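This briefing sets out computed features of one protein chain for a reader who has the sequence and the coordinates at hand. The points are grouped by topic.

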Amino acid sequence: MHTRVMWWEEGKEVDSSTRTNQPRVLQFRLLQLFLLFLLVGLGVMIFSLNMIRYFGVQNLVPVQQSHFQPCFEEAHTLDTWVRPPSKLLHTMNDSELFWRASFVPGVKAYPFRRIPKIAFMFLTKGPLPLAPLWERFFKGHKGLYSIYIHSLPSYEADFPASSVFYRRQIPSQTVEWGMMSMCDAERRLLANALLDIDNEWFILLSESCIPLHNFSIVYRYLSRSRYSFVGAFDEDSPFGRGRYNPSLAPQVNLTEWRKGSQWFEVNRKLAIEIVADNVFYPRFKEFCRPSCYVDEHYFQTMLTILAPNLLANRTTTWVDWSRGGAHPATFGQADITKEFFKKISEDGTCIYNNQPSSLCFLFARKFAPSALEPLSALASEVFRY
């Protein structure tokens, strides 16, 4: 019995000493590994330093250029917000364009020197055959006007870089006479012109229009007027009230229905009303179809409802409807005489700022391309430009 106990005790003693030595061996091995890594690290560091000295730091460590832009760069200055677009062509659709153009500052006073301009908006099919006459009209008045052209999308203008019409086309769409696409084009012109905060007066013209007076007279006439020149009449005839569709109610009642010339002039406030409209537009688009001729009723009726006190209730563009038909008379080379324009200037009186005036028309249409030569010959003497 004694022998078994001793063997058990001896076995116990041997096992205990073995367990005591195991942690010491593990610690020694970890120390060896640490020293090995330390030596390798020192070697790599020494090698890297030698390589840097030999090849240079730029070859080993490529530096990426930062794209960070500080918040005080020019892109965030006031000038960026008030400067007109450098290019008229853009990728905005009509909804985006109208939304952007309808922004109105809450503060009325401008924190910069603003020189109000006239936006001349040309609604055309393609070329401007009377462009040389307009070039004479605009000459010497840079900074007081802007030009915008809505033509067929397929038309590519070839104006020289020296022309006032150079690169003045806006993104356009196809227009059909008497359809809502005509008003779409007019709203598109207004919206693009509204992107220039200096534009204060907006005049719609065609390729067959001419200016009857020099630029100074036109600018003074529009800038001093307390009203916008939109013709809007309650015409009790088949061509007036006879075009009214009862489905336009309740937005438009028969007593509010108006007719007038397509060729208008509006101030900035009314231009924004036209572009921002989403109440009258869908009604007219659905219920004013041929033979309603929406371009003679939509803006005229809407503005009469929204701002009747701001309308002069007449147009500044002279036309001749005496020959009858769906379109006014067109005048060619043989029609252009001093007497012809004297008759226009003496064509009745009108009301200007609530006072009688003999100066009623600033522009006239329709003039054929053949009229350019005689018009140019009379420009200095008759039109004073």
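The overall makeup of the chain is given before the individual features.

The model is predicted. Its protein chain folds into twelve helices and nine strands. Of the 385 residues, 41% count as buried, and the chain exposes about 23,000 Å². Among contacts between residues at least 6 apart in sequence, 80% join residues at least 24 apart.

**Helix α4**

- Helix α4 spans residues 94-101, and Leu-97, Phe-98 and Ala-101 are its buried residues.
- Seen down the axis of α4, these buried residues fall within an arc of 95°, so they line one face of the helix.
- Ser-95 and Trp-99 are exposed, and they sit on the face of α4 that is turned away from the buried side.
- The packing partners of the buried residues of α4 are α6 and α8, the latter covering residues 268-276.
- At the start of α4, the backbone nitrogen of Ser-95 has a side-chain oxygen of Asn-93 within 3.2 Å.

- Ile-170 belongs to the loop between β2 and α6.
- With a relative accessible area of 3%, Ile-170 lies under the 20% cut-off and is therefore buried.
- Apart from residues up to four places away in sequence, Ile-170 touches Leu-88, Leu-89, Tyr-148, Ile-149, His-150, Arg-188, Leu-189 and Asn-192.
- His-90 is 80 residues away from Ile-170 along the chain, yet the C-alpha atoms of the two residues are separated by 8.0 Å.

**Salt bridges**

- Side chains of opposite charge can pair when their charged atoms come close.
- Arg-114 and Glu-200 meet through their side chains in a salt bridge, at 2.7 Å from N to O.
- Arg-114 lies in the loop between α4 and β1 (117-123), whereas Glu-200 lies in strand β3 (residues 199-206), so the pair ties together parts that are 86 residues apart in sequence.
- Arg-114 counts as buried because its relative accessibility is 16%.
- A network of salt bridges links Arg-114 and Glu-200 with Asp-198.
- Lys-338 forms a salt bridge with Glu-381, and the closest N and O atoms of the two are 2.6 Å apart.
- That pair links distant parts of the chain, with Lys-338 in helix α11 (residues 338-345) and Glu-381 in helix α12, 43 residues apart.
- Lys-338 is partly exposed at a relative accessible area of 41%, and Glu-381 is partly exposed at 43%.
- Asp-79 and Arg-83 also form a salt bridge between their side chains, at 2.7 Å from N to O.
- Asp-79 has a relative accessibility of 40% and counts as partly exposed, while Arg-83 is partly exposed with a relative accessible area of 39%.

**Backbone geometry**

- A cis peptide bond joins Ala-249 to Pro-250, with omega at about 5°.
- Pro-250 is placed in the loop between α7 (215-223) and β5 (265-267).
- A cis peptide bond also runs from Arg-365 to Lys-366, where omega is near 10°.
- Lys-366 is in the loop between β9 (363-364) and α12 (372-383).
- Arg-167 is not a glycine, yet its phi is positive at about 55°.
- Arg-167 is located in the loop between β2 (145-150) and α6 (180-194).
- The relative accessibility of Arg-167 is 64%, so this residue counts as exposed.
- Asn-354, another residue other than glycine, has a positive phi near 70°.
- The loop between β7 (350-352) and β8 (355-357) contains Asn-354.
- Asn-354 has a relative accessible area of 47% and is partly exposed.

**Nonpolar surface patch**

- A nonpolar patch on the surface is formed by Phe-34, Leu-35, Leu-38, Leu-39, Leu-42, Met-45 and Ile-46.
- Together, the residues of this patch have about 700 Å² of accessible area.
- Ile-46, one of the patch residues, lies in helix α1, which covers residues 2-55.

How values were computed: Residues numbered from 1 in each chain as written. Heavy atoms only, no water. Helix = DSSP H or I, 4+ residues; strand = E, 2+ residues; numbered from the N terminus. Buried < 20%, exposed > 50% of the residue type's maximum accessible area, 1.4 Å probe, protein only. Arc of directions from axis to C-beta. Contact = heavy atoms within 4.5 Å. Polar contact = N/O pair within 3.5 Å; in protein donor to acceptor, adjacent residues only side chain to side chain. Patch = residues over 30% accessible without salt bridge, like charges linked within 9 Å, V, L, I, M, F, W, Y side chains within 5 Å. Areas by Shrake-Rupley, 256 points an atom, 1.4 Å probe, with all protein chains shown as cover. Salt bridge = Lys/Arg side-chain N within 4 Å of Asp/Glu carboxyl O.
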